[in-house]
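This report looks at aromatic rings and at the charged groups placed over them. Please keep the sequence and the model at hand while reading.

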Amino acid sequence: MYMRNFAEESSMHSLRRLLVLSIALAALASTARAQTPGTRLVGTVTDAQGGALPGVTVTATSPALIGSQVAVSEGNGTYQFPALPAGTYTLTFVLDGFQTVTRERIALAVGQTLTVDAQLPLASLKESVTVTAGSPVVDTQTTAIGNTLNEAKLTGVPTSTDLWGALARTPGLRMQGFDVGGSHKIQATGYDAFGITGQARVITEGVDTTEGNSGAGFYQDYYAQSEIAVSAAGQDVTMNTPGALIVATVKSGGNQFKALFNQTWEGRQFVGRNVDAATAARGFTGQPNLLFWETHGDLGGPILRDQLWFFVSRNHFHADKAISGVPQSVATDLGIVDDVTTKETWKPGARDTLIGYYQWQHKQAPLRGLSVTRGPQSTLAQSSYAWMYDGRWQRVWTNRLFTGFTVGEWGYDFPEKPSIDYRTNPPRTDLVTGVDTGAGFTQGGIAGPFDAHPAKPQVFGTATYYLPTKHRGGHDLKAGFEWLDDRTSVAYSGASGPLLYLDSNGAPSEIRLTDLGNPADLGRTWSAPDDGDRRLALYAQDRWSLANRVTLTAGLRYDRQRPYYTASKRDPVLAGVFPAVTTPARTLFVRNTFAPRLGVSYDPAGDGRSAVKAFWGRYDDNFSTMFAGVDPGGVNTRTYVFHDLNGNGLYDGPQELGALVASTGGASTSFDPNLKTPYTDEIDVSYERQVWRQSALRVAYVRKMSRNALSTFNAAWQGQFTVPVVVPLTLQGVTGGTPAVQTFTVYDVPEALRGVVDNAIANTPASAGGGAADYDTAEVAFNEQIGHEVFLDASYDFTWQNDLRTPVGTSNSPLTQADPIAEGYYENAYPAVSNRQRTTDWVFHLSGRYALPWAIGVGANLAVQSGWNYARVITVQLPGSGTQRFWLQNLDANRSQTVPLLDLRLDKAWPIGGHRLTGMLDVFNVLNSNAVVNFNLANGPRFDQINGALDPRTLELGLRFEF
C-alpha cells in the first residue's frame, strides 16, 4: 500500500539479528521492566552480637509474586532480590541453630529499593520470631525523585481515571489541563517535568509506548492498573531522556480469583453552572459535561496455583461535553473509547517466569478540535485503533545473577476525515483572530487531515549481578541494551484540498499551497513515506554499597540514533507549482552519544530511616521523528502573499501569487549535518526522612540545564531583520472599551531577500543563546499510607524558567489550559522584547483518604496551580517577510488566574456473601471555581476572549462490586 519496503526489510533484518544475538547472549537479557530502574529488596542478616551471618535462606512471598523467590545471604551477611513486582511482601529468614525470623507487611513500589535488615537470635524453646515493625519507606540507595500510586491511591479518591489524572498528583509535574469529572478524558493532556516539556518516556507493562518524544501513545484502562510510578529527576542509566519516566503496571491475577465491576455516571442534571458577568463579558458560555459514564469489568486468578495466572479486563467510556462559544444545539464534543486488556504469567519452573501482555483500543471523536475559534464544520472526525503487546522471559540463574528477555510493539491506525467538502467550502484561517472556517484543516496539522500509522517494534535486555564485598557491602552491577525502530507514516490525504486561505481580519492576505495529490489516488499514484529513528542503546552501571550507610552509583549510557525515511512518491494536484517527485529511501545521519550518571546516597543515622542524596547526570534528547521535515517525500508547502485579483476570495491560478513568504517540507528544508545533539544536564540535592509510621518527608532542589536545542528556521533571513519599519496598530479586545493606537518600530528583511527561503533544521542560533534553557525547582513533598484505606500525599513545587518562548502558534484549544505558549525559537521582528523569557510557576498537590466507622470512606483531591505568564501577541504584515508575530511586552508582566480545583468523595461499602459492594458519590470542583485557563492572546477584536475555564461543579455517582 505505502512504499515501505526499505523500512520493513531493514527492520526485519535488524530484528532477526538482534533476536539471534539476544538468544545467544541470554545472560544479558532484560528484567520484567528492562528499560526501567529495578524494584528490589536488599539487606543484611546478623546475629545477636551484630556479626554477619552467611548462608541464611531468605524467602520472599507476596500476593503479587507467582510462587516465591529465594536468596541466600553472602559471606558478609548481605542478600538481595534484584527484580520483584511491586506489592506487599513477607520475608522469612532461616538458618540452622538460629530462630526463624519473619518480617511482614513490607510495601514495595515500582522502581524502589528498600533495605530490610534482620537479626537472628540463637535457637531456643521459641522456634520463630515475627517482626511487626512497619515497612521501611525511604529508599536509601537510589537517587530518583518521584511518586508511586498503588491501586488504593489510584481508585481511593476522585480523579479523571486516566493516566493524566495520575500525573496530576505527581510532585515535580505541572499539568497543562485540568480535568473536572472526566472533562479531559478523551484528549491527552500536556505536562512538564521539573520544567522540561516533552522528552518523556512512557512504559506500560514493559512496552515503550512513547509517541514521538513525549506523548503517552495510549489511553490505558485506568482500573486495570495495579500501580503507576512516575520519576522526573535523578534517574539512572536505564532512562534515556531528561523528562518524566512513567511506568504503568497492569494487574497480574493471583492465587485467588478476583473480579471488579465499576460503573460511574454523570448526567446534565448533576452539573452546575459557573458563568458569571465577568466571564460572560469575555465570551464565555460555559463548557459543562453533558453526559459521562464509564463501565469497567475485570477478572483475574489462577489457572494453576503458583504456576499460571491470568488477568483480563474490558473498559468503555462515553464523554460528551459543551464547548464555550459553541451553542449546544449546534455541536458538542463527543468521545468514545473502548479497551480490552489481557495479561498472563507462567512460572514453568523454580527459576523461570514468562509473561505475556496485550491491549487493544478503539477511540472515536467525531468533532475533533471543536472550539470557539473552530466550528463543527471545520473539525475532523477521528476513528482510530491502537494496540500494544510484549512477551517477557525472566530467569534467576544463581543467587547473584538475574536475567530476562523482552520483545514488544506499540502502534496505531489513526485517520482523520473532514466534515464538509473542501470544493464548496475551502479551508480558511484568520491570522489575526485565529478563527478557522471551511473544511477541517489546521487541526490535522500543517497540511490538513491525515492517516497516521506509527509502529515501534522493540527489544530490551539487562543483566544484574551482585558482587559482595568484605564489609557488609557489595556491587550491584547492571548491563543492558535497548533496540527500537521508532517510525511513523503520516499520509496527509488531501481530503480537505491542497489550499489553505490565510486571511487577516476577514480580508485575503496569504495563501498556503501544498503538494497533495488526489485523495482517491493515495496509495496508488502517490504515497507517504515512513519517517523514523532506529535507536540502539547500551548501558552499564555499578551501584556500590559501602557497608550500610553510603551508596555510590556510577553509570554510562551509549545511544546510537539513525534518523531515516523510506521511499515515496508525490503526484501533486497543483502540478504548475509543485513537480511530481519520486524519493528514494535515505538514512539521514548516525549520531553516537555517551551520557554519564553519578549519584551518592548517605544514610546519616544508619537506621534506614533517612537519606541525603546528590545526583549529576546527562540525558540526550530522543530524535524520534523530529527530522521528518527534511523528507522531500513528505508534504511540502509554500505560503505566498495572495493577490485576489477578481475579489472572489478564491485562488484562480499562479497569477494571483505574490511574494513567497514561507515554505515547509523536505523539498525546501535541509539539516545541518554537523548539528550538535540536544542534551540536558541535571543536578539534584535532596533529603528524605521517615517521620513516623509509614510516612516520609522530602525536601529537594532540582536544576535542569538544556543545551543545543534544535529549531527549523529560514537560514537566509537569520540575522537579516535589519530594515526598520514603523507600524501603527490598534490594540483592542473582546471586552470593547476605547481602542488604543500604538506605534511599533519593527524590523524587516532587505528587499533582496524577499521571497528567499532556505529552511534548515539546525541548532538554535547563538544569537538566541544557542537554545539554552535552565529550569530550577524547589520541592517539598510528604506521603503517608496506613493500610489500604488511609493515606495522604502532599507536595509543593516552585519553578524558575529561563528559556525561549514563541508567539507563533499559541493554542486556542479549550483543552490546553495551563500554558498555551509554546517553547521554541522564532525570527523576532521586534527585538525590544527578547526571544528569551524568564517566567515562574508553582503547583500544590494534596490527595488523601480516611476510613470512618461503618465502612464509610472519605477522599479528597486538591490541586492549586499558579496561572501562566503571558503577553498580547501582535501580528504585522511586512513588505519583505510577510506575516510576523511578536510579544507586546515581556511575559512576566502578566499572569493568568490561579487555578484551585478541589474534588471530594464519600463512599459506603456493604459486605455481600464474602464480597464487597461500594456506592460512591464524587463531587468535582467543589468550590465551583470558574478560573479562566485559556484565552485568545492575538491582538484584535477577539483578544482576551475565553477559550476555556474550569468546568463547573459536577456530581458523579459510582457503584463498585469486588469479589
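What follows describes aromatic pairs, one aromatic cluster and the charges over rings in this predicted model.

**Aromatic pairs**

The structure holds 31 aromatic pairs, and two of them are described here. Tyr79 and Phe93 form an edge-to-face pair, with 5.7 Å from centre to centre and 75° between the planes. This pair links distant parts of the chain, since Tyr79 belongs to strand S4 (residues 78-81) and Phe93 to strand S5 (residues 87-94), 14 residues apart. Tyr79 and Phe93 are both buried.

In the pair of Phe589 and Phe623, the ring centres are 5.7 Å apart and the planes stand at 85°, which lies over the 60 degrees required, so this pair is edge-to-face as well. Phe589 is found in the loop between strand S37 (586-587) and strand S38 (591-602), while Phe623 is found in the loop between strand S39 (610-620) and strand S40 (637-642), and the pair therefore ties together parts that are 34 residues apart in sequence. Phe589 is buried, as is Phe623.

**Aromatic cluster**

One aromatic cluster is formed by Trp410, Tyr412, Phe414, Phe450 and Tyr492.

**Charges over rings**

Two arginines with a charged end placed over an aromatic ring are listed below.

| Arginine | Ring | Distance from ring centre |
|---|---|---|
| Arg282 | Phe935 | 5.2 Å |
| Arg534 | Tyr564 | 3.8 Å |

For Arg282, the charged end is the part that sits over the ring of Phe935, and Arg534 lies over the face of Tyr564.

Definitions and conventions:
Residues numbered from 1 in each chain as written. Predicted model: local features only at pLDDT ≥ 70, side-chain atom pairs only at ≥ 80, totals over all residues. Heavy atoms only, no water. Phe/Tyr/Trp six-rings, centres within 6.5 Å; stacked < 30°, edge-to-face > 60°. Helix = DSSP H or I, 4+ residues; strand = E, 2+ residues; numbered from the N terminus. Buried < 20%, exposed > 50% of the residue type's maximum accessible area, 1.4 Å probe, protein only. Lys NZ or Arg CZ within 6 Å of the ring centre and 35° of its normal.
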